[in-house]
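Hi everyone, thanks for making time.

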Amino acid sequence: MDKATLKREASQWRAGYYKGQRNWSAAHHSSIYGSIVCSVVAGALLQIKGMEPGYAAVLTSIAAALSSAAAAGGFQRKWRSNRLSRSRVDGLLIDIEADEADLPKLARQLKAIIAEHDREVVRDEGNGGAAADPPASPASHTPPSDKTAAPAP
């Protein structure tokens, strides 16, 4: 693999991780802060004389749904995994530009970054942090395409 090909491959992975970082961050933060806002507003509505308690009940239900979705979906874990993987690929891209870059070694590092990202995403937090299933071989991965609608988790 030549330098240009490795750089292009790493750049595609970086773009996918960055997209995932932004999307999972939005999902994580909007669900967490949305839950907080709904809970606070529900509490305030209950303090207003003459206000129907049904509004507070609906907001409380939305808050519970948002926090449950955030926990069950692993939004924070996926956001952090994409952020860390993007950062690792950033470092790799710097190394690729070095005059005496060891391209086979850097290609192996890219494979290791991809595999580590998979392990972080599929980690089963209820099982002491162990992966639920072993990740696929890094060689079987294909880089994310700019045409995909959503990032890989």
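Let me begin with a detail: what do the side chains of R86 and D90 meet in? They meet in a salt bridge, at 2.7 Å from N to O. By salt bridge I mean a side-chain nitrogen of Lys or Arg within 4 Å of a carboxyl oxygen of Asp or Glu.

Some housekeeping before I go on. This is a predicted model, so local features need pLDDT of at least 70 and side-chain atom pairs count only at pLDDT 80 or more, while totals for chains, interfaces and linings use all residues. Residues are numbered from 1 along each chain as its sequence is written, and side-chain values use heavy atoms, with hydrogens and water left out.

Now the overall picture. The protein has four helices and zero strands, and reading from the N terminus you get α-α-α-α. Helices here are DSSP runs of H or I with at least four residues, strands are runs of E with at least two, and the numbering starts at the N terminus. Of the 153 residues, 30% are buried. Buried means under 20% relative accessible area, exposed means over 50%, and partly exposed is in between, with a 1.4 Å probe and protein chains only.

What about contacts, meaning heavy atoms within 4.5 Å? Among the contacts with a separation of 6 or more, 74% are between residues 24 or more positions apart. Here is a pair to look for on the screen: G20 and R80 are 60 residues apart in sequence, and their C-alpha atoms are 9.6 Å apart in space. R80 sits in helix 3 and is partly exposed, at 48% relative accessibility.

Let's go inside. In soluble globular proteins, nonpolar side chains tend to be buried together. The largest nonpolar core in this model has 14 residues, and the ones touching the most other members are L6, A10, V89, L92, I96 and L110.

Helix 4 deserves a minute of its own. Its buried residues include L103, L106, L110, I113 and I114, and also H117, D118 and E120. Those buried residues pack against helix 1 and helix 3. How does the length work out? Helix 4 has 20 residues and should span 28 Å at 1.5 Å a residue, and its end C-alpha atoms are 29 Å apart, which agrees. The expected span is 1.5 Å times one less than the number of residues.

Back to the charges. Side chains of opposite charge can pair when their charged atoms come close. The structure holds five salt bridges. In one of them R14 pairs with D90, with the closest N and O atoms 2.4 Å apart. R14 is in helix 1 and D90 in helix 3, so this pair ties together parts that are 76 residues apart in sequence. R14 is partly exposed at 25% relative accessible area, and D90 is partly exposed too, at 22%.

And our opening pair? R86 and D90 are both in helix 3, four residues apart, about one turn of the helix. R86 is buried, with a relative accessible area of 15%. Another bridge joins E120 and R88, at 3.0 Å from N to O. E120 lies in helix 4 and R88 in helix 3, so the pair ties together parts 32 residues apart in sequence. E120 is buried at 11% relative accessible area, whereas R88 is partly exposed at 31%. Through shared partners, salt bridges link R14, R86 and D90 into one network.

Conventions: Contact means heavy atoms within 4.5 Å. A nonpolar core is a set of buried Ala, Val, Leu, Ile, Met, Phe, Trp, Tyr and Cys residues joined through side-chain atoms within 4.5 Å.
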